[in-house]
Amino acid sequence: MNIKKIAIVGGGTAGWLAANHLGKMAVNHDHLSVTLIESPDIPTIGVGEGTVPAIRQSLQSFGISETEFIRSCDVTFKQSIKFANWLDNTKHAKDNFYHHLFDMPGPIGEDLTRLWLLKKGKPYAQSVSPQHAVCEAYKGPKTIRDAEYRGHLGYAYHLNAAKFAKLLGANACEKFNVEHITANVGKVILGPEGEIKSLETDTKGTLEFDFYIDCSGFASLLIDKALKVPFVSKAEQLFVDKAIAVQVPTAADAPIPPFTIATAHQAGWIWDIALSNRRGVGFVYSTKYMDDVAAEEKLNKYLGGKLDQYQHRTLPMTVGYRERSWEKNCVALGLAQGFLEPLEATSILLTDFAAGFLADRFPTTTELQSLTRDRFNHVMQYAWERVVDFIKLHYCLSDRTDSQFWIDNRLPETMSAELTKRLSLWQSFVPNREDFFSKFEIFDLENYLYVLYGMESMPEVGSCDIQINEATLEQHKKLELIANKMADELPEHRQLLDKINRYGLQKI
Ligand SMILES: Cc1cc2nc3c(=O)[nH]c(=O)nc-3n(C[C@H](O)[C@H](O)[C@H](O)COP(=O)(O)OP(=O)(O)OC[C@H]3O[C@@H](n4cnc5c(N)ncnc54)[C@H](O)[C@@H]3O)c2cc1C
C-alpha cells in the first residue's frame, strides 16, 4: 500500500524541523502530503538555545537565508563551549577553563596534537586552532563580506527557540506546502495490527493518516501513551535531572561572547548563552545531590543576587531515549524520542540528524517500512549511546572532590563498557580516527581531543610513540601567526551582528 499522508504531531523545534526535512522530500513525490498538527494550548518547551555546526547545512538545504535567520531569531554566533571550573581548582588554576572549539584542530591536527603532548605549554585548544584566540577576543567567525553560511572558522548559533520554530514553520508551509492544523489531539485510535489508524482532535474531528511523526515533546503522545514503547533511562550514567531557566536582559551595546559558557558547580553546571538582546541562563543540577532551595541560592549568587528580578521557571528532565524510536507506522523525534541533559546541545542535533535520515530513506509503501524501520532504530540507538558517552566524558574525567556528585561520577559502574574501553586505550595512546569507526558517531575524534586534553587527561609521554618533524614545527609557528592575525582582523562579535542585521550577508 502506498504511504500518501504523513502527520506530524507537535509544533516545537522538533516538529518544524521534521516538517522541513519531510516537506522538502515530499515535494518531489506527487502523491505525498505532510500535515503538522499543533495544540493551541500546550506551549512548546521554549528552551534550546545552543546548536552545533551541522544546523547550518540543514538551514541552507531548506532554503532559509542566513541573514533572515539571524535577523528574526535574535541569533549570535557560537564557536565553542567554554567549560569553566570542571577541574579541581585547588590542583589547577582557580578559574580553570578550556574551550571545546568548533574548528578542527589544525590542518595537520593529529601532528599538532602530538607536538602539544610533548611541550604542553599553552592550553590544548590554543595550541591547535586559531579559534581559541578569536573566541577569547570576542570576535566573530566571519566578516560581512563572507557569503551566507561561509566562515573563516567553524561555527553554529545561539538562538531564540520560540522564534526559530516560527521561522521553520513559515518556511515549511510556504516552500514545501506543509499543511498546518491547530487542534488538540486527544485519543489515538489504533488499527487491527496495533498501528496508528487515526487521531481524534477537539476542533477538527477525526483525522486519518498513513504515517505519523510524534513530536509532542515530553508528552510522547504517540510513541509512549498510544504505542507503549519502553523508555531506556540513562539516569544511572547522567545524574542531572532538573533545570532552572532564566532570561536576563542585556544592554544594547554589551559585548557578546561568541561561545556558550558552561560553569560547573557542586551538583551540575550553569549554562550562560548570550543572544543579541538578552542572556539565557540555566542552572542544571541533580536533585539527588542538591535540593531546590540550594539550587536557587546558587543561581541567585551567579546572577549577583538578582534572580527575583527575572522571570524563571523550573524544568524537570527525564534522561534517556525510546528503546525503539520507530514503531509500527510512527517515528518519534525530539523530546518525544528522548532527552539527555543540555550539555553539548545535543537535542536539536539529534532531531535534525534523525529527521534528515528519515527523509532520505522515507518508505513510500508500507512494505518498505520494515526495511528502513530496523535500520533507523539500530542507528538511533547507537547514536544515543555514543552521545551519552560523550556527555559522561565531561563528568568522569573531572578530578573534583568537593562533593559526592563528582566522586560518584567517576564510579566505573556509571560508565558504559565502550567508554571504559576507550578511556583505558587513551591512557596509553593518542586517540586516532580509527577509534571512531561509525559515521553515526555524532561526536568524533576532534570533539574527544578537545575534551580529553582540555580536561588534562593525556597519555603518559613515553608510553606512546610521539615523533615530531620539521613540517609540524613550521605548522605550529604558522598557526600562532594566523591566530594573532585572525584575533586582530576579524570583526568584534556584536559589531558583526549589528552589520548583518543592518546590511545583510551576500547570498550564495
Ligand atoms: C533545560 C533544557 C535545556 C535545553 N537546552 C538545549 C540546547 O541548548 N540545545 C538543544 O539542542 N536542545 C536543548 N534542549 C532541548 C530542546 O528544548 C528541544 O530539543 C527542542 O525544544 C525540541 O522540543 P520538541 O519540539 O521535541 O518539544 P516541545 O517544544 O515541547 O513541543 C511539543 C509540541 O507538541 C505539541 N503538543 C503536545 N501535546 C499535544 C497534543 N495533545 N495535541 C497537539 N499538540 C500537542 C505542543 O503544543 C508543542 O507544539 C533543552 C531542553 C531543556 C529541558
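Predicted model: local features only at pLDDT ≥ 70, side-chain atom pairs only at ≥ 80, totals over all residues.
## A hairpin and its parallel neighbour

Strands β14 and β15 form a hairpin, with two residues lying between them.

Strands of a sheet pair through backbone hydrogen bonds, and they may do so in either the parallel or the antiparallel sense.

## An open sheet of three strands

A sheet of three strands, open and with antiparallel pairing, has the order β8-β9-β10. Because β8 (185–190) and β10 (206–208) stand at the edges and have a single partner strand each, one side of each is left without a neighbour in the sheet. Neighbouring strands of this sheet are turned against each other by 25° on average, when direction is ignored.

The pairing of β9 (residues 196–201) with β10 is antiparallel and rests on three bridges. There, L199 stands opposite L207 of β10.

## Packing of helices α1 and α10

Two packed helices are described by the angle between their axes and by the distance between those axes. For helix α1 (residues 13–26) and helix α10 (residues 347–360), the angle is about 25° and the axes are 9 Å apart. Since angles under 35 degrees count as roughly parallel, α1 is therefore roughly parallel to α10. The crossing of α1 and α10 is right-handed.

On the α1 side, the residues that meet α10 are T13, A14, L17, A18, H21, L22, K24 and M25, while α10 contributes I348, T351, D352, A355, G356 and A359. Sorted by class, this contact of α1 with α10 has eight nonpolar, four polar and two charged residues.

## The shell around the ligand

Around the ligand there are 39 residues, of which G10, G12, G48, G217 and G334 come nearest.

Which element gives the most to the shell around the ligand? Helix α10 does, with four residues. By class, the shell has 21 nonpolar, 16 polar and two charged residues.

Conventions. Residues numbered from 1 in each chain as written. Pairing = 2+ DSSP bridges. Axes fitted to C-alpha atoms, helices over the stretch in contact; angles between N-to-C directions. Parallel < 35°, antiparallel > 145°, perpendicular 65-115°, else oblique. Left-handed = near helix turned anticlockwise from the far one by under 90°. Contact = placed C-beta atoms within 7 Å. Nonpolar A, V, L, I, M, F, W, Y, C, P; charged D, E, K, R; others polar. Near = placed C-beta within 6 Å.
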